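Keep the viewer open as you read.

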Amino acid sequence: QVQLVESGGGLVQPGGSLRLSCAASGNIFRIYTMGWYRQAPGKQRELVAAVTISSGGSTNYADSVKGRFTISRDNAKNTMYLQMNILKPEDAAVYYCNAQIAAMGTVLVTRTYWGQGTQVTVSS
């Protein structure tokens with residue numbers, strides 16, 4: 001089995017910073033991409049940032065977070081991070097970790113996995 005576990009959410013004032021982490025564990029053969037999504041109450045889940053788990057590690061960001069958020073990964077630890085700076089009230093949401101992982105079993109299966117989510121609250 002493969003698990004994604006997020007951490008680092010919490011309450012922060014506008015203009016503040018938080019760092020989210022997502023650790024993948026289990027019968028992992030290869031991780032292809034990892035990303036962060038968020039979902040605010042009454043809104044659809046949206047992509048925040050994503051990174052490929054390969055040499056170079058290309059990234060992409062939602063326009064709303066460009067210049068404020070930075071996604072990174074530690075391949076040796078199967079861990080991804082999201083450094084969030086200059087947080088705004090509209091960044092408040094549940095943040096979910098997402099990954100495309102090939103898992104070892106009877107056969108090698110690649111599928112998308114989700115974490116349980118971590119709450120980010122931006123309020124004064």
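The salt bridge count here comes to 4, in what is, keep in mind, a predicted model. Start with Arg38 and Asp91, whose side chains meet in a salt bridge at 2.9 Å, N to O. That pair links distant parts of the chain: Arg38 sits in strand 4, Asp91 in the loop between strand 8 and strand 9, and 53 residues separate them.

Asp91 also has a salt bridge to Arg68, with the closest N and O atoms 2.7 Å apart. Since Arg68 lies in the loop between strand 6 and strand 7, this pair ties together parts that are 23 residues apart in sequence. Zoom out a bit and you'll find Arg38, Glu46, Arg68 and Asp91 linked in a network of salt bridges.

Are these side chains buried or exposed? Arg38 is buried, at 6% relative accessible area. Asp91 is buried too, at 1%, and Arg68 counts as buried at 8%. Asp63, which meets Lys66 in a salt bridge at 3.1 Å, N to O, is exposed instead, with a relative accessible area of 65%.

Now for the strands. Strand 4 (residues 28–39) runs antiparallel to strand 5 (residues 46–52), and 6 bridges join them. Within this pairing, Thr33 stands opposite Thr52. The two strands form a hairpin with 6 residues between them, and Gly42 in the turn has a positive phi of about 75 degrees. Strand 5 also pairs with strand 6 (residues 59–61), again antiparallel, over 3 bridges; there, Val51 has Thr59 as its bridge partner.

Key:
Residues numbered from 1 in each chain as written. Predicted model: local features only at pLDDT ≥ 70, side-chain atom pairs only at ≥ 80, totals over all residues. Heavy atoms only, no water. Pairing = 2+ DSSP bridges. Helix = DSSP H or I, 4+ residues; strand = E, 2+ residues; numbered from the N terminus. Buried < 20%, exposed > 50% of the residue type's maximum accessible area, 1.4 Å probe, protein only.
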